[in-house]
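I opened this notebook to keep a record of what I looked up, entry by entry. I wanted to follow the aromatic rings and then the sheet with its helices.

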Amino acid sequence: MNQEKWIHLCIDMQRMFAEGTPWHVAWMPNVFDQIIEVAARFPERTIFTRFVPPPVPEQMPGMWRAYYEKWPMMTTTQLNPELVDLIADLKRLVPPGRIFDKTTYSPWTSGRLHRALTDQNIGTLVVTGGETDICVLAATLGAVDLGYKVILLKDAVCSTTDETHDASLELLCNRFSVQVTVVDTEEWLSSD
């Protein structure tokens with residue numbers, strides 16, 4: 001594992017999903033230990049993404065505007081800006097961990113993350129975070145499209161809905177088995 005050119009891509013482990021907001025992911029705490037274990041063991045190889053809402057819906061294009069018209073309380077003019085931050089146990093790992101902010105589900109749309117990884121000759125992504133069926137799925141499928149090998153740590157991803165979490169893991173494990181490996185955190189950590 002340590003000889004490969006890989007990074008840990010931790011998706012959206014932010015306070016606005018961990019705390020009492022309309023976007024609260026109730027079982028996010030169930031994956032904290034595994035994610036913190038990976039990030040703390042390899043902070044220099046960890047990139048944290050943050051989903052950053054706009055100040056007002058009108059600043060977003062197309063259906064993103066409609067999305068924030070539905071969730072105006074989650075725009076940064078109404079939401080406590082500190083809630084956009086990573087949870088405290090992960091925030092303390094930056095630096096050497098890095099943060100990439102994004103305004104969509106996928107971290108790939110701006111091109112910045114892909115350029116940074118290409119510059120480092122990274123070929124493998126170890127993915128953790130939330131939500132399995134939204135931002136983790138978008139990050140994983142985007143990584144597949146860009147040619148990365150993805151190792152998804154199935155006990156280090158979470159969702160609001162068990163049914164779509166399970167369906168997403170089944171989809172990624174079965175339909176993308178050449179590009180995506182789905183394993184437990186301990187199995188990956190001990191694969192050295």
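The entries below start with the ground rules and then go through the rings, the sheet and the helices.

**Ground rules.** I am working with a predicted model, in which local features need pLDDT of at least 70 and side-chain atom pairs count only at pLDDT 80 or more, while totals for chains, interfaces and linings use all residues. I number residues from 1 along each chain as its sequence is written, and side-chain values use heavy atoms, with hydrogens and water left out.

**Aromatic rings.** I paired rings of Phe, Tyr and Trp (for Trp, its six-membered ring) if their centres lie within 6.5 Å, calling planes under 30 degrees apart stacked, over 60 edge-to-face and the rest tilted. The count by this rule is 16 aromatic pairs. One of them is Phe51 with Trp64, a tilted pair with 6.1 Å from centre to centre and 45° between the planes. This pair links distant parts of the chain, since Phe51 belongs to strand 2 (residues 46-51) and Trp64 to helix 3 (residues 62-70), 13 residues apart; helices (H or I, at least four residues) and strands (E, at least two) are DSSP runs numbered from the N terminus.

Ring pairs link Phe17, Trp23, Phe51, Trp64, Tyr67, Tyr68, Trp71 and Tyr105 into a cluster.

I traced an open sheet of 6 strands in the order 3-2-1-4-5-6, with parallel pairing, where two strands pair if DSSP finds at least two bridges between them. Strand 3 (98-102) and strand 6 (180-183) are the edge strands, each pairing on one side only. From one strand to the next, the twist averages 25°. Strand 5 (residues 149-158) runs parallel to strand 6 and is joined to it by 4 bridges, and Leu153 stands opposite Val183 in strand 6.

**Helix on sheet.** Helix 7 (residues 162-175) packs on the sheet and touches strand 5 and strand 6, its direction making about 160° with that of strand 5. For this entry, contact means heavy atoms within 4.5 Å, and axes are lines fitted to C-alpha atoms, for helices over the stretch in contact, with angles from 0 to 180 degrees between N-to-C directions.
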